[in-house]
Amino acid sequence: MNTISTTDTKSENPGLVQKTIYSVLFSIAFAHLINDLMQSVIPAAYPILKENFNLNFTQIGLITFVYQLTASLLQPFIGFYTDKKPKPYSLAIGMVFTISGLALLSVSIQFWMILVAVSLVGIGSSIFHPEASRVAFLGSGGKRGLAQSIFQLGGNTGSAIGPLLVAIIVAPYGQSNIIWFVLVGVLGIFVLTKIAVWYQNHLNLRASKKITSEEEIVPFSKRKIKISIGVLLLLIFSKFFYMSSMSSYFTFYLMHKFGLSIQESQFHLFLFLAAVAAGTLIGGPLGDRFGRKYIIWVSILGAAPFTLLLPYANLFWTGILSVVIGIVIASAFSAILVFAQELMPGKVGMISGLFFGFAFGMGGLGSALLGYLADQTSIEYVYKISSFLPLLGVFTYFLPNVKMKTTAH
């Protein structure tokens, strides 16, 4: 990750974003991998915490809700602030919060300590995502879908690796072994500091050239933009509410329905999250090429047949369907986020914060409500109900075709 250099910035023309800077994109993607790997320790450790603290599903949902709520409430405000006053080194500061949260989680002996620990991780996430999304945007060279997909691929890969590492490092030895993930966070601070140097140099160069605008004007009315943002947030709701059922409860579902062990169920969760990572990489470039609206159609509504079949499948087909669902439904987020960024030029941080924050919030709310539903009914019933969520993809119809409206890159 030492490949970032100031020559990447100095070699650009006065537009500063005419060339895709892959060293920056892959570096911020690697940082995203580390960030989301550490965050994924929380849901991956649920079976261990459930056993240690004798938790019910409602309490597990509350843990996710506190973590996601902390992240979701802060992100739009941080994004709005950093749009006006970028803070490159805040990236590393966010990682410090995440490290502190996991360290506390490893030694928690009461439920309230768990809640404090996950809220610290949430704060770390809220600081990281808006500024990291801006770094990806600045390094995109106009290939915004590709850049966002590379950035998201890092995060989703980290989310996939996390449960596997928990199964290997934590599950056999206990909660205290979560402390080992702090070492990963230290690596993250080092990488993010390197990225911050490039980011600061980039800002300095922009200031010296007196560049104040980097976006085209989107010819849509304010009313149309507001409706479109509302539709995109509804689609985020459907995607992440369903995703919360998988990330928080899929292991419990497999253990209950098919009698799998913790390690076996974590492996299935890893396969699903790896499929999510693959889908993320596919969605962005396809959106650049064919239009983001079409990718959103296919990703959200296209997942519905598979989610509707999942609750009735045997173990083999459950594994197959979970992989297909992961690939299909994950291709939407990059397209949705870049779509929103293009609707509101010059507000990359605020839009990134709003959508990442809303995604976290819906994931947390979904986990809490679905956990309560599981306690009142059954874990299998949760999957029957949540399987209908991707049908909300029909609202994609109300989105304009931004690709046809904006200037070609």
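This is a predicted model: local features need pLDDT of at least 70, side-chain atom pairs count only at pLDDT 80 or more; totals for chains, interfaces and linings use all residues.
**Helix H11**

Helix H11 spans residues 292–300. Its buried residues are Arg 292, Lys 293, Ile 295, Ile 296, Ser 299 and Ile 300. They cover an arc of only 160° around the axis, so they sit on the same side of H11.

**Two single residues**

Is Thr 70 buried or exposed? And Asn 54, with its relative accessibility of 67%? The table gives both.

| Residue | Relative accessibility | State |
|---|---|---|
| Thr 70 | 18% | buried |
| Asn 54 | 67% | exposed |

Thr 70 lies in helix H4. It is buried because its relative accessible area, 18%, is under 20%. The side chain of Thr 70 reaches the backbone oxygen of Val 66 at 2.6 Å. Beyond its neighbours within four places in sequence, Thr 70 is in contact with Ser 119, Gly 122, Ile 123 and Ser 126.

Asn 54 lies in the loop between helix H3 (46–53) and helix H4 (57–84). Its phi is positive, about 55°, although Asn 54 is not a glycine. Most residues other than glycine have a negative phi. Asn 54 counts as exposed because 67% is over 50%.

Key
Residues are numbered from 1 along each chain as its sequence is written. Side-chain values use heavy atoms; hydrogens and water are left out. Buried means under 20% relative accessible area, exposed over 50%, partly exposed in between (1.4 Å probe, protein chains only). Helices (H or I, at least four residues) and strands (E, at least two) are DSSP runs, numbered from the N terminus. The arc is that of the directions from the helix axis to the C-beta atoms. A polar contact is a pair of N or O atoms within 3.5 Å; within protein, one must be able to donate a hydrogen and the other to accept it, and residues adjacent in sequence count only if both atoms are side-chain atoms. Contact means heavy atoms within 4.5 Å.
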